[in-house]
Amino acid sequence: MKVNVHTHHPKGLSEGVEIVNQYPATLDNSLPAYSVGIHPWYINEDTVEEELALLEQQIQQPNCIALGECGLDKKTNISLNLQVEVFKKQLLLAEKYKKAVILHVVSAYQEVIAIKKEMNITVPLIVHGFNKKEQVAESLWKNGFYLSFGRHLIYNEGLRNTFVNVPRTQVFLETDDTEDINIDEVYAVATSLDREIEAIIEQNYKTVFNK
């Protein structure tokens with residue numbers, strides 16, 4: 001069974017699972033598996049408390065299997081202090097309802113690691129779309145984060161070395177917001193690097209999402 005741990009464009013996998021990224025204001029709860037969260041790009045200080053209240057209702061739905069994507073992005077023009085505040089509130093919801101979290105992190109890996117430690121977060125945290133150097137990957141996996149790889153695995157040979165070295169219990173695959181690549185293509189590259197990857201990710205999915 002193939003698992004696309006984070007996608008914005010569901011393809012309707014006949015054999016497998018797609019976790020579709022959604023936002024509180026535009027949620028479709030008929031999807032078989034989805035995440036919902038407040039992305040750091042779209043934080044609106046005037047409405048964020050209403051969105052957090054809505055989010056708390058939505059993550060209790062049976063088909064909502066994760067919170068996210070949420071996180072920190074130093075390259076967006078939203079105040080980092082506000083991002084941290086909203087991120088921490090979402091992590092508290094994830095802890096309360098025991099949901100895994102899909103993370104969006106740009107230039108803020110050390111901050112995210114520090115917040116996990118400071119808040120003593122116990123739910124699984126998955127850094128989606130990982131495409132950084134192995135040193136960053138190692139600091140994340142040693143702190144208990146999961147790493148999800150997408151289109152960059154197809155084009156970036158250096159990233160393939162990192163992928164191979166991530167502990168097998170902490171790895172996922174995804175398509176993110178890419179429309180012209182499907183999860184089979186990502187799996188094809190991953191399988192060329194590790195023949196057991198499909199079974200490994202299926203087991204990780206069952207462990208992380210209580211399936």
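Predicted model: local features only at pLDDT ≥ 70, side-chain atom pairs only at ≥ 80, totals over all residues.
Close-up 1. Of its 27 lining residues, H104, V106, H128, G129 and D176 sit closest to the centre. Sorted by class, the lining of the largest pocket has 11 polar, eight nonpolar and eight charged residues.

**Close-up 2. The second largest pocket.** Here the volume is about 160 Å³. The lining has 13 residues, and those closest to the pocket's centre are I65, K98, K99, F209 and N210. At least two lining residues come from β4, and at least two from α8 (197-208). By class, this second lining splits into eight nonpolar, two polar and three charged residues.

**Close-up 3. Inside the largest nonpolar core.** Nonpolar side chains in soluble globular proteins tend to be buried together. In this model, the largest nonpolar core takes in 72 residues. Which of them have the most contacts inside the core? They are L103, F149, L173 and F209.

**Close-up 4. Zooming in on L173.** Leaving aside residues up to four places away in sequence, L173 touches a list of partners that includes V3, N4 and V5. Further along the chain, it also meets S148, F149, L153 and F163. I183, V186, Y187, A190 and I201 are on L173's contact list too.

Terms used
Residues numbered from 1 in each chain as written. Heavy atoms only, no water. Core = buried A, V, L, I, M, F, W, Y, C linked by side-chain atoms within 4.5 Å. Buried < 20%, exposed > 50% of the residue type's maximum accessible area, 1.4 Å probe, protein only. Contact = heavy atoms within 4.5 Å. 1 Å grid on protein atoms, 1.4 Å probe; cavity = no way out; pocket = protein on both sides within 12 Å on 5 of 7 lines; lining within 4 Å. Nonpolar A, V, L, I, M, F, W, Y, C, P; charged D, E, K, R; others polar. Points joined across faces, edges and corners; volume = space filled by probe spheres on them. Helix = DSSP H or I, 4+ residues; strand = E, 2+ residues; numbered from the N terminus.
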